[in-house]
Amino acid sequence: MKLAARLVAPVAALALAGLTACAPGTSDNSSAAKDDRTGTLRLWLFREVSNDPKEKVVDQVVAAFEKAHDGAKVEVEYIPVETRAERMKAAFNDPKSAPDVIEYGNTDTAGYVKDGGLADVTTEFNGWADAKDSDPTARTSVTVDGKVYGAPFFVGVRALYYRTDVFDELGLEPPRTLDELTTAAQRIRAARPELYGLVVGGAYTYGAMPFVWANGGEIAEGRGGSYASTIDSDAARKGIETYTSLFGDDNCPAAKCAGMGGNDTVTAFAAGKAGMAIGGDFSHAAVEAGKVKGKYAVVPLPGVKSGSVAPAFAGGNNIGVLRSTPHRTLAVDLMKRLASKRTQGALFDAMGFLPTYTDVRAEAAKKEPFIEPFVKTLASGTRFVPVSPAWARIDASLVLPTMFQEVVSGKKDVDEASEDAADRMNDAFSSVG
């Protein structure tokens, strides 16, 4: 999931650096037998740092829903992202007190399905006109074993922020390859030693993975109905080596940067302490509020070949219906209204949430040019985490950050660290079948 920081203010949500939180273990609840067309539906949404704009959009959706369904009401509760695991576990185990519709992080999908919490809405989703324009990666985030368990709500990706004043001073051009990125970072550090060239973080999983993906590596591949880690493949190791080479006195000293996560790197850039940073569309407000306002620009993070774009992680959140709802028809309609093109357009205007529909994103880009590099990144192809309930365990156990930090610290070389990470990932994959 993204659990994304929003444009209005950064907030840990699909972890800015790592999108973590274990999918809760639960009892096996069966689907509700009845389908009431009246009564009160409970809706759980994530609370934002600045929640009022979101509430206004949601209130309009709820008012239209209640007007369309005589005798139906909606109770909305905004829950803290940080406590979602506990709240969802309780909800899955106690249908009587559970919500009917929820917002959830897109990396949580497989775990929630395994726990029996989410309803299969494949038929309704495939028959929904809006769904045909869903971003393919966003659709993947609601799909498990070919079945759909929700509707994409918003998406978030990362690109390269750079200081235009520093680049002008040093006669630099925005890098078009990862090699040029490294060279630019080193030139900035050499000329301006008070700055990080490209601020990087050993705990910044989703800032590091584009280097792996750009070099042809993957986190894991489907195998025998499950997954097997490929983080120790030759291509993945090339990406790991490229990323970890940026931790040094000639760019971002390991002593200061090894422990940084995504929030830390964006904060450093916004504070004027770095020439470049890898940040999300959701980082824009934080950067605008910092010392570099008016002195930066954004381009897609380059790939290996000149002019290519490094694949980015497609974070984001979804809207789903719980299996236990006694109001399935109403709940599915509420899900559609919340995740509709109209609502996503309104949420972009209010909150900066990047729409999951290609046509709505194009319209958003016309309104706000700053999102153009992120739209281009999405159009160039994105990646998602393995759609497995094991991912929550892998993410929460910090398998990938540990791997990067072991290399950066010199504790292990790339081959040994990636092999150990692959073993830990495969243990998690095998534990869920």
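Helices (H or I, at least four residues) and strands (E, at least two) are DSSP runs, numbered from the N terminus. The model you are looking at is predicted, and local features need pLDDT of at least 70, while side-chain atom pairs count only at pLDDT 80 or more and totals for chains, interfaces and linings use all residues. Residues are numbered from 1 along each chain as its sequence is written, and side-chain values use heavy atoms, leaving out hydrogens and water.

**Positive phi**

- Most residues other than glycine have a negative phi.
- Aspartate 145, which is not a glycine, has a positive phi of about 50°, and sits in the loop between β4 (143-144) and β5 (147-148).
- Aspartate 145 is exposed, at a relative accessible area of 75% (exposed is over 50%, buried under 20%, partly exposed in between, with a 1.4 Å probe and protein chains only).
- Leucine 398 also has a positive phi, near 55°; its place is the loop between α17 (390-396) and α18 (399-409).
- Leucine 398 is partly exposed, with a relative accessible area of 44%.

**Helices α1 and α14**

- The axes of α1 (residues 52-68) and α14 (residues 341-351) come within 9 Å and cross at roughly 160° (axes are lines fitted to C-alpha atoms, for helices over the stretch in contact, and angles run from 0 to 180 degrees between N-to-C directions).
- That crossing makes α1 roughly antiparallel to α14, a term for angles over 145 degrees.
- Pro53, Lys54, Val57 and Val61 of α1 meet Thr343, Ala346, Leu347, Ala350 and Met351 of α14 in the contact (heavy atoms within 4.5 Å).

Conventions. Parallel < 35°, antiparallel > 145°, perpendicular 65-115°, else oblique.
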